[in-house]
Structures are given as C-alpha cells and as structure tokens.
Amino acid sequence: MTIDLAAMRKSGTDAQKAGRLDEAATAYAAFLAVRPDDAGIWSNLGALHRTCGRHKMALRAQTRALALQPDNIGLMNNKANILSDLGAYSESIALRRAILERDPDQLSHLSMIGRCLRGQGDYTAAIQHLTAARGRYPEDAELQIQLAFAQLGAGDYASGFENYKARWRGPELTPRKLSMPEWKGEEIEGKTLLILPEQGFGDAILFARFLPMLEEQGATVKLLCEKPLQRLFTDIAGADHLVTTMQGADFWLNMMDLAALHFDAVDIVPPPVHLHVPDDCVARAKMIVRPHADALKVGVVWSGSETYKANAFRSFRHTDLLPLCDLPNVQVFSLYKGPQVADLKADGSDAFMIDVGSTDRDFADCAAMMQHMDVVVTSDTATAHLAGSLGVDVWTLLHWDPFWVWRHTGNTTEWYPSMRLFRQENALEWGAVVANVAAALVERTKG
C-alpha cells in the first residue's frame with residue numbers, strides 16, 4: 001500500500017491552522033511514525049503541545065526538531081521559547097544569544113534575554129542588559145516593559161512604574177480612547193478626575209492603596225469599579241464616587257500610574273487599601289463556619305482566571321491540596337469561584353473541601369469568609385491581594401518565576417504584612433510546596 005506522505009503532512013498542518021488540535025496531533029503522530037526525520041513537523045507538534053498547555057511534551061518535540069536541524073534559526077527560536085516557559089533560562093539565553101550572533105537586530109530576543117535574567121532573579125544583570133539594549137533601540141516598547149519589570153522586582157519603584165507606562169505601546173493592551181484628556185499632573189483643583197483600573201481585579205485591589213494621594217489635589221475623584229468589587233470598595237479612601245461608565249469627568253488617569261506619581265515623591269510602600277465587608281456577608285460566613293467551630297479553618301484557592309495567559313504556571317489543581325484535608329483537626333473550605341468547581345464536585349472532593357466560593361455573589365462574600373478562616377492558602381491571583389488587604393493570615397503559593405510584588409526570594413512582602421510566601425523550586429511541581437504548607441499547618445494546630 002502506498003502512503004501519500006505529502007497528504008498526511010498537509011492534513012496535519014491544515015488541521016492545526018484551523019484550530020482542530022486533536023486532529024492535528026493524530027495526523028502528526030501518524031506522519032512521524034514513518035517520517036521521523038521531518039524537523040518542521042516535530043516543531044509544529046511542539047507548538048501544538050505548547051498551545052494545549054503540555055509544556056514538557058512541547059519541549060520534547062522541539063528538542064527533536066532542533067537535533068535534526070541544529071542551525072535552523074526558526075527551530076532555535078521555538079525551543080528557546082518553550083525553555084523560557086519552563087524556567088530553563090540559562091539554556092534559553094544561550095540559544096537566543098546564538099541567534100543574535102547571526103542576526104543582532106532581533107529585538108524579541110534582546111527583550112527575552114532580559115526577561116530570562118529577571119526570571120533567574122538576577123535583577124541587576126537584567127537591568128544592565130535591558131538598559132544597554134534600550135540605548136540601541138530607545139523606541140522599542142517591549143524592551144522598556146521588560147526593563148520596568150526588572151526594576152520593579154529590584155524595588156526601584158520610581159523607575160519601574162515610570163517605564164511601565166510603555167505597556168500601552170506594547171501588543172497586549174489597547175490604548176485608551178476617551179473624550180476627555182489624560183491627566184498629566186496639571187492643576188486639577190475644582191475639577192473631576194476619573195481613575196481607571198486595568199488588567200484584573202487583583203491589580204485593582206493592589207493599586208487602590210494609592211488613591212488617597214489625590215486628596216490634597218482638590219479634585220473630585222471618581223473610581224471606575226466593576227460590579228464584583230463594588231461592595232468591597234464602598235467608601236474607599238481617596239474616591240468620592242464609584243462609577244460604572246467612563247464619562248462625566250474633566251480628566252482621566254490609569255490607576256497604576258498613581259503608583260508612578262507616589263514613588264516619584266515618596267520611597268515608601270503605602271499600606272493596603274481598607275475594604276468594606278457588609279454585615280450580610282459576615283452573617284453568611286458565620287453560618288457556614290458554625291458547624292466547624294472547633295477545627296482549624298483553612299480557606300483555599302488553587303487557580304486564577306483561566307483567560308490569563310500564564311495561569312497554567314501560577315495555578316495548580318484542587319487535588320494538589322487534598323493532603324491538607326487529611327490533617328487532624330483541620331477543615332478546608334474552597335473559596336475558589338470559577339469553572340473548575342465542576343472538577344471539585346465530579347471527583348467527590350467537595351465532601352472534604354467544602355465548596356463556598358461557587359455561591360459567592362461577589363468579592364465581598366469571599367472577603368467575609370476569609371475573615372472567618374484561621375488561614376487562607378491561595379495561588380497568586382486576586383484572592384491573594386484580597387486576603388492581604390484584609391490583613392488576614394494568608395499563605396500565598398508562588399510558582400518559580402513570580403509576579404514582581406513577590407520577588408524571587410524571601411517569605412514575606414512589604415506590600416502585605418500579613419502574608420507568608422511559599423515558593424516553588426521546580427517548574428510545574430507543586431508537591432513540595434503543598435508539603436511545606438501542610439507542615440506549617442501542623443505547627444499551627446500545635447499552637
């Protein structure tokens with residue numbers, strides 16, 4: 001029987017382009033069984049696995065591709081990308097430098113080397129590299145964004161937030177288009193200023209601490225607030241009104257840019273925002289925990305928004321936390337709200353990890369539950385910022401290359417005094433992190 005290899009190859013690539021990834025994977029496996037020397041298909045398969053979140057499989061495929069054509073710049077790039085995903089930063093940097101030796105003006109590799117150096121926790125080297133690269137390409141937004149993250153991780157907040165203004169020139173955010181002008185620091189006494197949150201609920205909670213700095217400006221401050229945060233932000237310091245539309249103001253400003261103004265004047269991280277927890281939320285929380293009054297109550301969150309591109313790295317599975325349910329005199333409550341609640345119920349875990357989050361009306365309900373927990377254990381998502389702002393005892397589990405707020409070393413953060421940090425040592429491996437949390441809970445029960 002004659003095998004039409006060209007047709008087999010095309011069926012796989014066509015399916016991948018059309019987003020039929022299972023079909024493409026099947027076609028690629030059949031093709032590679034008879035043509036294992038096709039580097040391009042191995043690389044396509046690696047890209048497919050990366051899209052599906054199977055990062056270790058992606059690395060296997062890209063490794064085979066590059067072994068077949070070790071001088072192919074495209075294949076070097078593809079392997080460098082998956083190495084960066086998995087925290088193999090030294091190997092990724094080596095490949096990127098090899099590419100730059102042949103094509104010195106590939107800006108993506110210049111910025112990614114800085115990104116990798118920061119991922120290693122070497123902020124000094126990252127800043128030096130990115131500063132030099134910006135000297136050659138001062139208009140490149142991604143170089144400036146990566147420099148900003150390195151500076152923020154190093155604690156140089158004034159420079160970091162100033163450079164982070166380049167985010168609106170990068171590919172991930174769409175610049176604001178409002179009828180009113182952006183506030184650039186001019187006199188606003190007697191004017192109305194609209195503050196716009198950005199990027200996520202966690203960022204809104206994190207940066208709301210900078211609102212009070214506007215009180216001395218003499219302006220009426222409106223804060224754009226989405227419904228899930230509205231009750232929490234009732235009477236929030238520094239905002240005269242909560243609004244739901246981007247209208248009715250003389251000027252507007254992004255909330256993150258308040259941080260740039262603050263650190264330009266003061267080199268001190270302000271305390272977290274004070275949040276409003278309504279009485280009906282408190283009553284609900286008391287009713288839920290009443291049957292477990294004698295247990296150590298542990299609220300858990302294992303995942304953030306699945307639309308966030310790096311969620312697969314910062315999050316884990318509810319099953320990873322099941323060992324906490326086996327600790328004596330510990331009752332675990334799931335504070336998670338999202339599509340993975342179905343998994344919690346499907347395997348019977350909700351009998352051991354009481355589902356509370358799926359019935360939350362908003363973050364105010366979650367906040368009240370947190371205040372009635374002895375400890376909150378959470379992934380790096382909005383609930384970490386919520387618990388930290390409430391001042392409850394919160395333990396945040398961090399992947400190997402965390403958000404700049406947490407930096408790369410230490411078990412505390414100046415941004416949230418009540419928070420304890422537990423760090424992952426190896427990419428995608430959460431067992432040791434949860435074991436450390438379990439040991440800490442055992443010590444807590446002894447106290």
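The legends below go with several close-up views of this predicted model.

Local features here need pLDDT of at least 70 and side-chain atom pairs count only at pLDDT 80 or more, while totals for chains, interfaces and linings use all residues. Residues are numbered from 1 along each chain as its sequence is written, and side-chain values use heavy atoms, with hydrogens and water left out.

**View 1. The largest nonpolar core has 100 residues.** A nonpolar core is a set of buried Ala, Val, Leu, Ile, Met, Phe, Trp, Tyr and Cys residues joined through side-chain atoms within 4.5 Å. Buried means under 20% relative accessible area, exposed over 50%, and partly exposed in between (1.4 Å probe, protein chains only). Look for Ile195, Phe233, Leu324, Leu386 and Trp415, the residues with the most contacts inside this core. Helix 18 (residues 363-371) supplies the largest share, seven residues. Helices (H or I, at least four residues) and strands (E, at least two) are DSSP runs, numbered from the N terminus. Another core, of 20 residues, lies apart from the largest one and includes Leu32, Leu66, Leu83 and Ala88. As a rule, nonpolar side chains in soluble globular proteins tend to be buried together.

**View 2. Zoom in on Trp415 and its partners.** Contact means heavy atoms within 4.5 Å. Leaving out residues up to four places away in sequence, Trp415 touches Tyr157, Leu206, Arg209, Phe210, Phe263, Val269, Pro272, Trp404 and Val405.

**View 3. Four strands form an open sheet in the order 3-2-1-4, with parallel pairing.** Two strands pair if DSSP finds at least two bridges between them. Strand 3 (241-243) and strand 4 are the edge strands, each pairing on one side only. Four bridges join strand 1 to strand 2, and Thr192 has Thr220 as its bridge partner in strand 2. Strand 1 also pairs with strand 4 over four bridges, where Leu194 stands opposite Trp252. Five of the five residues of strand 1 are buried, so this strand is largely enclosed by the rest of the structure. Thr192, Leu194 and Leu196 sit on one side, with Leu193 and Ile195 on the other.

**View 4. Helix 13 (residues 255-265) is mostly covered.** Eight of its 11 residues are buried, among them Met255, Leu258, His262 and Phe263. The buried residues pack against helix 10 (157-163), strand 1 (192-196), helix 11 (201-207), strand 2 (220-224) and strand 4 (251-254).

**View 5. Six strands form an open sheet in the order 7-6-5-8-9-10, with parallel pairing.** Strand 7 (353-355) and strand 10 (419-423) each have a single partner strand, so one side of each is left without a neighbour in the sheet.

**View 6. Helix 7 (residues 107-119) meets helix 9 (residues 141-153).** Their axes come within 9 Å and cross at roughly 10°. Axes are lines fitted to C-alpha atoms, for helices over the stretch in contact, and angles run from 0 to 180 degrees between N-to-C directions. Angles under 35 degrees count as roughly parallel, over 145 as roughly antiparallel, 65 to 115 as roughly perpendicular and the rest as oblique. Helix 7 and helix 9 are therefore roughly parallel to each other. Leu110, Ser111, Arg115 and Arg118 of helix 7 make the contact with Glu142, Leu143, Gln146, Phe149 and Ala150 of helix 9.
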